[in-house]
Amino acid sequence: MPEELTVRRILGDQPFAEIGRPEWAVTATRHGCVITAGDLGHVPWHGTGRWLGHRIGVYEADTLRPRHIVASRYSVCAIEPHPELPIVAVGTGRYDGSWDFEGQLLVLHLETGRVTDLLSKSRQVRHLRWLEDGRLAMLLSPEDKDGGFRTGFELAVAADDWLSAPAGLVDPDHVRHPMVESGLLYDPHVEDALARLTEGRWRRRAEVRDLTVLADGRVLATGRHTDLECWDPSGALSWALPAGGEGSVQVEAAPDDESAWVTYRGFHRDDGTGRLVDRATTVRRISTADGGVVDCVDMPSAPAWSATGEGWLALRPLGRDAEAALLLDPAHQEAAQVGLAPRRSNSPALRVRHSTRLLYVDGPGPDGDAPWIHAIEPPGAHGPATVRALFPLHWDPASALQPWCGPAVELGDTLVQAGRSYERGPTYAEAREGTYVVNRRLPDGAARWVYETDQPLAGLDGDERKVYVVYLTGEVETLDTATGEVRDRHTLRAHGHPVTPMSVAFRADQQRLIVGTVDGRILDCTVPE
């Protein structure tokens, strides 16, 4: 019998969350709905399929609950509901960065959610208007950039029945009219409109980059628009630190849960000097009681960190010229500077949860330039801090599969790690990308089992019995920690619609799986014991 994974509540939930950064909001009073469009941003998708970051949302006018959520290949440039029929025309498109304009003319059925592209050729649709005689007037981009970025030509088309209009009905090159100005391709007042529709409840949110669950049930989260936020056990927001720039990346709670270390991304403008300051080189310790800054550590370049359950923290600068890691002891004091070999690997940082060791990935190892997993031994009775190469990141040199490092969890004498994988084929087109999960024995790194899938990885966490592997598709696979057997599959949804996870944290003693999404919501899930 499959195990049940239940979304018991959604933190940061709000109307219109599904569309991300809003670009349009149109109220269709006759059809009892609000039609919106937005952009969820970029997600590093790999393997089969392609993630579409633009969204069109149809919401009930009275409750603002989502009726339909539709992914769009291109940014939405225009929305025009039909004055009588239950359909809406949506113009989309973009400049491809080299020569051409691309886009679609979508007709979305407001009752069934069916979508039809009426263009026979890709072209940006910059404006739409229903005419009194029943035709649909549109402003189309020129075929290429020589025609101009701010102008387009008008075209009006008719259909025998717009409810069943066929795909490819409109040939954008059939008739050309004089070029006119395009105007804005977004609603500059859309955020005010959403705030008004929600009576002030709507606020800008975006990707949840990292999560941790405290012993008392509180949830800490980082994101694009939030340096750090804290949700109390009841699901209410206790406090939030607005981002000064591009927000924060990682959060690591201290063993006593009284504070948490946070790393940042990008730049912010100094209020005093007006200059841009690189926040990514700063690590701060934040009080979990009220969000106050307790400590601040400046690094020569953006750091990756390793942490242990006892409270040791190793900050490793990611610049290729940086050769020393800063060790902080459980009392948050500098304990040592540890010399490291110059970086030769471009692999992302190895993030290990519940670790008893300060682990990191880099090259070279004893066998040359291939990435190895290393351990930093903190200073103690045995002597000064040292670095020890444990085992290669690639567990099977005979295999054609090439792993990149990603999230991992240490469980007793086991390290379960996951990441993106690449396997060469006879030709470039036959190369295969996917995700691996491997159970490795500590301390020698021998692989007990390997699980492979073509789904793109979002995160991983678990305990000695089960490992939860979360994918960008919204699917969660539960693997048996001892055998790698798939025990359950579950697709995460919010209000009946799929989500795109970005981060995950599991708390075994609370039987909670917390999943952060690309749209800024946090799914608080209950898993069976």
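This is a predicted model: local features need pLDDT of at least 70, side-chain atom pairs count only at pLDDT 80 or more; totals for chains, interfaces and linings use all residues.
Local features required pLDDT of at least 70 and side-chain atom pairs pLDDT 80 or more, while totals for chains, interfaces and linings use all residues. Residues are numbered from 1 along each chain as its sequence is written, and side-chain values use heavy atoms, without hydrogens and water.

The protein has one helix and 47 strands. Both are DSSP runs numbered from the N terminus (helices H or I, at least four residues; strands E, at least two). The C-alpha atoms fill a box of roughly 90 × 60 × 55 Å along the principal axes.

Of the 529 residues, 53% count as buried (under 20% relative accessible area, 1.4 Å probe, protein chains only). The protein exposes about 23,200 Å², by the Shrake-Rupley method with a 1.4 Å probe. Carbon and sulfur atoms supply 48% of this area.

An open sheet of four strands has the order E12-E13-E14-E15, with antiparallel pairing. Strands pair if DSSP finds at least two bridges between them. Strands E12 (125-130) and E15 (179-181) stand at the edges; each has a single partner strand, so one side of each lacks a neighbour in the sheet. The twist averages 35° from one strand to the next, with axes fitted to C-alpha atoms and angles running from 0 to 180 degrees between N-to-C directions. Five bridges join E12 to the antiparallel strand E13 (residues 136-140). Arg129 stands opposite Ala137 in E13.

Conventions: Buried means under 20% relative accessible area, exposed over 50%, partly exposed in between (1.4 Å probe, protein chains only).
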